[in-house]
Amino acid sequence: MSAAPGAVPAIAVVGIHGHGAKHVAHVRDLEERGLARLCALVDPRPQVDAPAPATGGAGEPRHGAAATGDDVPWYPTLGDLLSAPEADVRPDVVVLSTPIHTHLPLASTAMRAGVDVLLEKPTTASLAEHAELVAVAQETGRLCQVGFQTFGSHALDVVARAVADGEIGEVTGIGAVGTWVRDAAYWARAPWAGRRRLDGRDVVDGVVTNPLAHAVATALRVAGATRSQDVAEVVVDLHHANDIEADDTSSVRVVTADGTRCGFGLTLCAPERTPARVLVLGTRGRIELEYEHDRIRIVTPTSDLVKTTTRTPLLDDLLAVRAGRARRLACDVRDTGAFMRVMEAVRTAPAPRAIDPDHVSWEGEGDARHPVVDDVAAWCEAVALNARTFTELGAPWAVGAVAPAR
Ligand SMILES: NC(=O)c1ccc[n+]([C@@H]2O[C@H](COP(=O)([O-])OP(=O)(O)OC[C@H]3O[C@@H](n4cnc5c(N)ncnc54)[C@H](O)[C@@H]3O)[C@@H](O)[C@H]2O)c1
């Protein structure tokens with residue numbers, strides 16, 4: 001079933017390959033349920049099976065096969081869509097799932113055109129860009145939700161309640177552990193992948209700021225830090241085993257404004273991918289949140305409980321706020337300021353250090369080839385438990401890391 005134009009919010013997805021395909025599928029799902037309408041797709045690259053455009057003028061819709069095989073108007077740029085004369089392609093909401101360095105210009109353009117935005121994480125490429133985006137949201141009064149989907153997880157409420165009820169005693173620290181695997185195909189998929197800068201623009205695409213950015217943002221939120229002023233100090237220790245400019249194995253310490261110490265041990269060079277975890281460490285136990293699965297484990301001397309919750313997708317949450325059914329966005333752009341303090345520390349840090357090849361083994365072939373750093377999972381855990389960096393802890397591959405040529 002397709003909703004009648006105008007009856008439900010019209011949603012355009014910008015950036016339809018890669019992660020954007022999931023957004024297209026989700027809007028399709030909302031459309032099936034009569035809650036939204038997929039009004040247009042935007043990407044310089046058309047859908048794989050799209051026919052050659054019949055007309056080429058800016059603003060003219062070109063119809064291509066959408067992800068589900070339907071015929072949805074496709075535009076090469078957001079500007080083309082917003083200047084299109086056809087009323088039924090005009091979006092109420094855009095989902096922006098494009099490279100990091102395009103986030104500020106695209107989100108600003110959309111909001112200035114009166115369109116609400118779901119913007120993929122990381123919010124922007126720098127703290128100054130974040131401030132600019134917040135200013136545009138303020139000035140236009142548009143909604144700008146950022147794609148940290150764990151902020152829509154009801155598991156966060158369970159964690160907050162357990163902490164408030166003193167289930168693990170006094171909180172002594174917050175940690176995050178992310179031990180994932182990314183192979184050669186991942187780094188080769190786009191020119192901006194693994195870059196700190198591209199064509200004179202900040203990109204900052206490393207483990208801390210992109211694949212495991214959710215670990216950072218969620219841990220900070222659990223620590224009570226959402227706005228940039230909630231963060232007092234950030235120390236980053238960046239390394240890479242892949243032949244990339246950015247970091248793929250990093251540790252971060254954050255001290256929040258109220259003095260909570262946080263340690264994040266994050267790698268894309270683990271022997272196997274395990275669920276990323278946020279840890280709340282207490283005097284009488286700990287809480288582990290597997291944020292990808294909305295799964296909470298509360299361990300105390302007398303019990304070991306596991307709970308799983310549901311989550312509200314961020315687009316659904318945005319639509320609820322638009323419709324007045326919810327009061328505030330789950331992940332308002334302003335609430336990503338604390339994360340952006342970490343992003344800024346990564347952006348302005350010295351170049352990541354290459355890990356000595358003697359501490360790296362390579363697995364897989366061709367596109368599936370990926371590095372494994374010695375004992376990296378254990379070192380990431382130690383970072384989270386102690387809020388100390390790899391270098392401070394004495395990880396041999398961090399202490400002896402090779403400084404990049406300048
Ligand atoms: N929330 C999550 O779990 C999650 C997961 C993966 C990626 N992401 C985020 O999604 C975004 C996209 O990541 P990706 O890995 O899919 O990237 P990608 O490079 O694989 O895909 C980006 C898409 O955007 C298109 N594009 C590039 N510039 C554009 C422009 N100016 N206008 C319109 N389209 C444009 C590209 O052609 C491509 O189709 C990033 O911000 C990334 O961090 C979020």
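The model is predicted: local features need pLDDT of at least 70, side-chain atom pairs count only at pLDDT 80 or more, and totals for chains, interfaces and linings use all residues. Residues are numbered from 1 along each chain as its sequence is written, and side-chain values use heavy atoms, with hydrogens and water left out.

Start at the ligand. It is surrounded by 22 residues, and the closest are H19, D43, K121, R189 and N210. Here a residue counts as near if one of its heavy atoms lies within 4 Å of the molecule. Polar contacts are pairs of N or O atoms within 3.5 Å; within protein, one must be able to donate a hydrogen and the other to accept it, and residues adjacent in sequence count only if both atoms are side-chain atoms. A polar backbone atom of H19 is 2.7 Å from an oxygen atom of the ligand. N210 uses its side chain: a polar atom there lies 2.7 Å from a ligand oxygen. G147 has a polar backbone atom 3.4 Å from a nitrogen atom of the ligand.

Next, H130. This residue sits in helix 4 (residues 127-140); helices are DSSP runs (H or I, at least four residues), numbered from the N terminus. H130 counts as buried, at 6% relative accessibility. Buried means under 20% relative accessible area, with a 1.4 Å probe and protein chains only. A polar side-chain atom of H130 lies 2.9 Å from the backbone oxygen of V333.

The structure holds one cavity of 30 Å³ or more. A cavity is a set of points, on a 1 Å grid over the protein atoms alone, where a 1.4 Å probe fits but cannot get out; lining residues have an atom within 4 Å of a point. The largest cavity is lined by F148, F151, A217, L220, A225, T226, D335, T336, A338 and F339. Helix 7 (213-222) and helix 9 (337-348) are the elements that give two or more residues to this lining.

Finally, the cysteines. A disulfide is a covalent bond between the sulfur atoms of two cysteines. The rule asks for a pair of cysteine sulfur atoms within 2.5 Å, and the count comes to zero. C269 is buried, with a relative accessible area of 0%. For C331, the closest cysteine sulfur is in C144, 9.2 Å away and too far for a bond. C331 is also buried, at 0% relative accessibility.

Terms used. On a 1 Å grid over the protein atoms alone, a cavity is a set of points where a 1.4 Å probe fits but cannot get out, and a pocket is an open set with protein on both sides within 12 Å along at least five of seven lines; lining residues have an atom within 4 Å of a point. Grid points are joined across faces, edges and corners, and a volume is the space filled by probe spheres set on the points. Buried means under 20% relative accessible area, exposed over 50%, partly exposed in between (1.4 Å probe, protein chains only).
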